Amino acid sequence: MNTKETLNDSILNDLKKRANTIRKDIIEMIYSAKSGHPGGSLSSADIVTALYFHIMNHNPKDPFWAGRDRFILSKGHACPSLYAALAESGYFDVSELKNLRKPKCLLQGHPCTMTPGIEISTGSLGQGLSIATGIALGLRLDGSSSKVFALLGDGELQSGQIWEAMMAAPNFKLGNLTAIIDRNNLQIDGPTEKVMPLEPLKSKIESFNWQVYEIDGHNIREIIQTINRGFKITDKPKMIIAHTVKGKGVSFMENNVSFHGKSPNDEEYRIAMKELEANS
Amino acid sequence: MTGFGVPRDAYGEILSELGETRKDIVVLDADLSSSTKTSSFGKKFPDRFFNVGIAEQNMIGIAAGLSTTGKTVFASSFAMFAVGRVYDQIRQSIAYSKMNVKIVATHAGITVGEDGVSHQMIEDISLMCALPNMKVIVPADTFETKKTIREVSQEKGPTYVRLGRSKVPNVFNSEDEIKIGKASTLVDGGDITLISSGIMVSKSLEAAQMLKKEGISAEVINLSTLKPIDRQGIIKSAKKTGCVVTAEEHNIYIGMGALVSSILSEEYPVPILRCGIKDTFAQSGDYELLMQIYNLTSDEICKLSKNAIAMKR
């Protein structure tokens, strides 16, 4: 799982294929569950792929391996994306995915610790950055070189706790923490900038003393290069604003807020899979 | 029962003592460390003490994160903020994932006195007992506070410990005689069982003395561990005496008395009367005076005891 080679075209192509597989898994899972959140799962698929299949040190055969990097999905409703990455990495069998959101299944509606590879439960928004801050503090106390990653939704930035953590992490000089915002611009009730504007986001976060980058969240090369660039700054936390498209990869879900938390019907499922197959 | 002590002082002392050998202990506070007494740990072990400022939600999240790295985390503030402000964070980030976080709240109940309702937390027991995986302990004095902190520091999992602001009479003479987790009998009796926790334990002991002068033999039980609750201990005493009075410095609506009532109604119904704050917000004032106004007194426990005895069939 630990591919640390230079990022050449062949590796990049593999990662793009991975991301497409993750997207197909997401659609399959949510269609099978008849509920779930496709929009934010699809928008985060390239970020999650870059982390799990290139950036992070982790061991699917030993989920609690002490040397692992940590990932916290603060936007817990995007868990189909994470579950797919865990399954495709080998934490559990890919066949588990079809049991999403069903009783006696490993894969709950929002992340929890019964799933191998999940560090902590999330789903009530706004809490993940604090958790990641705590993990980063703990690892530093241990003298560990492991890194901590948190994936945040843009909508959840409206939550006050996020800004409490925004204040704390730079104060604690947590150079081992990288947070990524899945900036897809949409939340359940509509565009973030209509519901409760976040902009100017970059300057806001910079004013809290983070190192901030702004990237295309579907460009895997850019995601990886930016995260690696951030590693060189060791005395402050990094925030990557990853511009994404909600529902990315399925034409009729793209920028369509109605697919925030809705499963595709039979016909939509068929079209979505056909589109994703064409990308394989 | 001799002398007085301040449980939150005892908390600060035991944390500093444990910190010497327990390098896994990390302490968090939210700008109240001089009042919660975590500051003594902070001075001694600055590397393992984090003041997060007035940001309790973040404190709970950081506590959860630290615990995933194998730390034993103590997080403190006033009960109003350590529980009331952050119920969702505790539920989501700590209780559900069984994180090894000990939330030790001080200034619970009406002992904050003059600060008034905004700071008087009388719902924390209800909130914390309602959470699956959460252990809930209300120590009666400084000895029990130290014993509680010592024991919970050795166990994995989420715990809520409730402490007040004020000095309280010593119920015990040493830590050795205390057993955490049990409904412990402090005084044997045959006519009525007085079950109490926290600062009401000493009031029940006083009440037992007063009842004795009237020829009534009261059994006094310290129920400091409210979750997991010692069902058998409660039932055993109820079978012996046939009636119960509970006493708590908490909203009576869903507190210790309600827990005891539900157990006995299921397994051994007997008359139960409850002393506590009767589903009302209190007010500012000297806390001893407030205890009188809201009938959290030994006199009230005596009165209820006689009524409960009269209700026996």
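These legends accompany several views of a predicted model of chain A.

Because the model is predicted, local features need pLDDT of at least 70 and side-chain atom pairs count only at pLDDT 80 or more, while totals for chains, interfaces and linings use all residues. Residues are numbered from 1 along each chain as its sequence is written, and side-chain values use heavy atoms, with hydrogens and water left out.

**View 1. The fold of chain A.** Here you can trace 10 helices and 7 strands (DSSP runs, H or I of at least four residues for helices and E of at least two for strands, numbered from the N terminus). The radius of gyration, taken over C-alpha atoms, is 17 Å, close to the 19 Å that the globule rule (2.2 Å times the number of residues to the power 0.38) gives for 280 residues, so chain A is as compact as a globular protein of that length.

**View 2. The largest nonpolar core.** A nonpolar core is a set of buried Ala, Val, Leu, Ile, Met, Phe, Trp, Tyr and Cys residues joined through side-chain atoms within 4.5 Å; buried means under 20% relative accessible area with a 1.4 Å probe, protein chains only. Among the 83 residues of this core, L129(A), I205(A), W210(A) and M239(A) touch the most other members. Helix α5 (residues 128-141) gives the most to this core, with 7 residues.

**View 3. Around I205(A).** Leaving aside residues up to four places away in sequence, I205(A) touches W163(A), M166(A), I181(A), W210(A), V212(A), M239(A) and I241(A) (contact: heavy atoms within 4.5 Å).

**View 4. A second core.** Look here for a separate core of 57 residues, including I22(A), L97(A), L151(A) and M273(A). Across the whole of chain A, buried residues make up 57% of the 280 residues.

Note on methods
Chains are lettered from A and ligands numbered from 1 in the order in which they are written. Buried means under 20% relative accessible area, exposed over 50%, partly exposed in between (1.4 Å probe, protein chains only).
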